[in-house]
Amino acid sequence: MCGIVGYVGDEEAAPILLDGLRRLEYRGYDSAGVAVHENGGLEIVRAVGKLRNLEKALSDKGLGGTVGIGHTRWATHGRPSEVNAHPHASGPIAVVHNGIIENHLELRAELEADGFTIASDTDTEIVSHLIHRETKAGHDMATAVRRALGHVEGAYAIAVASEAEPRRVVVAKSSSPLVLGVARGATYCASDIPALLPYTNSMVFMEDGEIAVLDEDGFSLSTLRGEPVNRRPRKISWSPVMAEKAGFKHFMLKEIFEQPRALEDTLRGRLDRERADVETAEIGLSEADAKAIRRVILLACGTSHHATIAGRYWLEELAGVPAITELASEFRGRDAVVEEGDLVIAVSQSGETIDTLMAAKEAKERGAKVLAIANVNGSAIPRMADASFYTHAGPEIGVASTKCFIAQLANLLMFSIWLARRRGAMSESEAGELVEGLARIPHLVDERLKTTFDAVSGMVREFSGARDVLFLGRGLSFPMALEGALKLKEISYVHAEGYAAGEMKHGPIALLDAQVPVIVIAPKDRHYERVCSNLEEARAREAKIIGVTTAGDTQTQALCDAFVEVAPTHEALSPFVTVIPLQLYAYCVADHKGTDVDQPRNLAKTVTVE
Ligand code: AGP
């Protein structure tokens, strides 16, 4: 986790670093700091809490230097405090770091024996002393970084500044993300693209085991072993406006309302309505590959994991392919069986989640082909995968994932249709109906967003005081129930459980009384009757029922204390419409409670720690 930035140019560095950190704040926000070259030395300013505290500290300082590094922290080693905030200094060296140094205790003992005093509880400070030790031995900054990293085990993206080389920043990476930005007379680095978008769209994605020296004329890239690397910047099509709030109160709300566009952009050019098929040439799988797949293993975490459960149902029901879902963190390190003919689909909004990355790597090492579904072009998971199928949801800033989730659903469904057609599991007319239906989904979602928001806003006052909430669904509505509960938990801090409706009577029913709202997802599909029976069971225990119902379903609506209507769709498409009121419910409850919607406590957007 954590976000790092760096700048070398001829403008004041502090405002640029601060602006970059603001755009990275979703990665961590318990403390922040910058180091700026100033009058022959390095001026370090750090502050605990949100970025505004650092901003205040910086305005009191009035730094004018034009080269610097910055950091926003999500604590892993050492509690949030000023002494644990980055940058960490050792003599003339200052370091910011995202990742975890696994052998830091061993290195700490070694450095203390060498006479270094370690002030913080962090693993990062170790890196600054290691580099300092190498500069004391006479090495320049790049060589010192290279040599220091030779002692380090773990994950890192670091940016280093040295008083001895005031017009340079040295960066290096292993496992944690790092992107360079190139503009006329200025070079930047950051953990993620949005931090750089206001300054340049010309970017270079660094690979693991690489180091770069940045100055105002650009960068020189090489491997940590010293071999030069020639990689040209690529143009990023995201605009800075895509990463702004555009009049919405929160990024999350803006991103919920952007879902029709995220879907349109993700579906664009991929639905072949004439041939009732899906165009997936970009994936590079042949017809023979499609037929050779014996099983699909879907790997992901959090919200992306919920998308994979829907993906599994589609793969099985539409394409007739055996499929399993695995939480990436559970797949790792337990010798899960991977067999010949297994296709692993690793799903990740950020493309950087360490558990998903490492799980997919493990599967690849055991012989599986890996297909990445990610939203960030050139991120780590697509880079390690054999093939990629990107979602095009644009940058997602709110920590709670919404538009990327719906775009992941679109890709998983498109892939299932593609596979079904190749394997003869779906007739042309079935495929035609589904492809037509999917093409209409952005419009269906758009049409109801505003009224759904109004309906949900109107009901939260009554329900937002609940301590526990149960979400129930069957079939494709089950992963939506999981997702609704996760959204509510993460941003409103209300305890919520997503349950397969049929499982309620096996335990959770004991929780029900008049204080517990039960959100029942009951679209008119093949599970409808049985879900309605479960709804009745909850009602009989006096639970308050909030129904997510198909428009016009007055029979079910009459059983609910409150309800939201969703558009009627092809049964396989219901998740695209049922998830919207659940996202809005979580948003409205959180907003009503006044929690920090975009940056909920203890969370970070991209989880690069295990
Ligand atoms: C989503 O609302 C969460 N913040 C979180 O569960 C997230 O989905 C998870 O960390 C996986 O992230 P990824 O999609 O970037 O891999």
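The model is predicted, so local features need pLDDT of at least 70 and side-chain atom pairs count only at pLDDT 80 or more, while totals for chains, interfaces and linings use all residues. Residues are numbered from 1 along each chain as its sequence is written, and side-chain values use heavy atoms, leaving out hydrogens and water.

Let's start with the open sheet, where five strands line up in parallel as β23-β22-β24-β25-β26. Helices (H or I, at least four residues) and strands (E, at least two) are DSSP runs, numbered from the N terminus, and two strands pair if DSSP finds at least two bridges between them. At the edges, β23 (495–500) and β26 (562–566) each pair on one side only. Further in, β22 (residues 468–473) and β24 (residues 517–522) are joined by three bridges; L472 has V520 of β24 as its bridge partner.

Phi of Y493 is near 65°, a positive value in a residue other than glycine. Elsewhere, D335 sits in the loop between α10 (328–331) and β19 (342–348), with a positive phi near 50°.

Finally, look for the cis peptide bond between H86 and P87, with omega about 0°; P87 lies in the loop between β4 (67–73) and β5 (88–90).
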